[in-house]
Amino acid sequence: MQVDLATDDYGRSHRCTVTVDPNNEIAEEDESNNVLSLRVSLPTRPKQAKDVFCTLI
């Protein structure tokens, strides 16, 4: 996932929630697993592009 960041987004943690099939239009055995929440802690703003890893919440 790629997002545009503002200057004040750096140096703190953010929570991202991804929802698939929010209206349950696709029949599944388990409809309760359509949401994934992640936390990413951004370092201070780097001088060049850098990969940042997420953790499951």
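Accessible areas here come from the Shrake-Rupley method with a 1.4 Å probe, and for residues only the protein chains shown count as cover. By that method the protein exposes about 5,200 Å². Carbon and sulfur atoms supply 49% of that area. This is a predicted model, in which local features need pLDDT of at least 70, side-chain atom pairs count only at pLDDT 80 or more, and totals for chains, interfaces and linings use all residues. Residues are numbered from 1 along each chain as its sequence is written, and side-chain values use heavy atoms, with hydrogens and water left out.

**Overall build**

- The protein has three strands and zero helices. Both kinds of element are DSSP runs, numbered from the N terminus: helices are H or I with at least four residues, strands are E with at least two.
- Read from the N terminus, the order is β-β-β.
- The protein is more spread out than a compact globule, because its radius of gyration is 15 Å, well over the 10 Å that the globule rule gives for 57 residues. That radius is taken over C-alpha atoms, and the rule is 2.2 Å times the number of residues to the power 0.38.
- The C-alpha trace spans about 45 × 20 × 15 Å along its principal axes.

**Burial, contacts and charge**

- Of the 57 residues, 14% are buried. Buried means under 20% relative accessible area, exposed means over 50%, and partly exposed is in between (1.4 Å probe, protein chains only).

**Cysteines**

- A disulfide is a covalent bond between the sulfur atoms of two cysteines. Here a pair of cysteine sulfur atoms must be within 2.5 Å to count.
- A search of the whole structure finds zero disulfides.
- The closest cysteine sulfur to that of Cys16 is in Cys54, 6.3 Å away, which is too far for a bond. Cys54 is likewise in no disulfide.
- Cys16 is partly exposed, at 21% relative accessible area. Cys54 is also partly exposed, at 43%.

**Before strand 1**

- Met1 sits in the segment before strand 1. Met1 is exposed, with a relative accessible area of 80%.
- Met1 and Cys16 are 15 residues apart along the chain, and their C-alpha atoms are separated by 9.9 Å.
- Thr7 belongs to the segment before strand 1. Thr7 counts as exposed, at 60% relative accessibility.
- From Thr7 to Thr44 is 37 residues along the chain, with 9.4 Å between the C-alpha atoms.

**The loop between strands 1 and 2**

- Ser32 is in the loop that joins strand 1 (13–19) and strand 2 (35–41). Ser32 is exposed, at 65% relative accessible area.
- Ser32 and Val18 are 14 residues apart along the chain, and 13 Å separates their C-alpha atoms.
- Asp21 lies in the loop between strand 1 and strand 2. Its phi is near 50°, a positive value in a residue other than glycine. Asp21 is buried, at 15% relative accessibility.
- Asn24 lies in the loop between strand 1 and strand 2. Phi of Asn24 is near 50°, again positive in a residue other than glycine. Asn24 is partly exposed, with a relative accessible area of 42%.

**The loop between strands 2 and 3**

- Thr44 is found in the loop between strand 2 and strand 3 (54–56). Thr44 is exposed, at 64% relative accessible area.
- Leaving out residues up to four places away in sequence, Thr44 touches Tyr10 and Gly11.
- Thr44 and Asp9 are 35 residues apart in sequence, and 8.9 Å apart in space from C-alpha to C-alpha.

Notes. Contact means heavy atoms within 4.5 Å.
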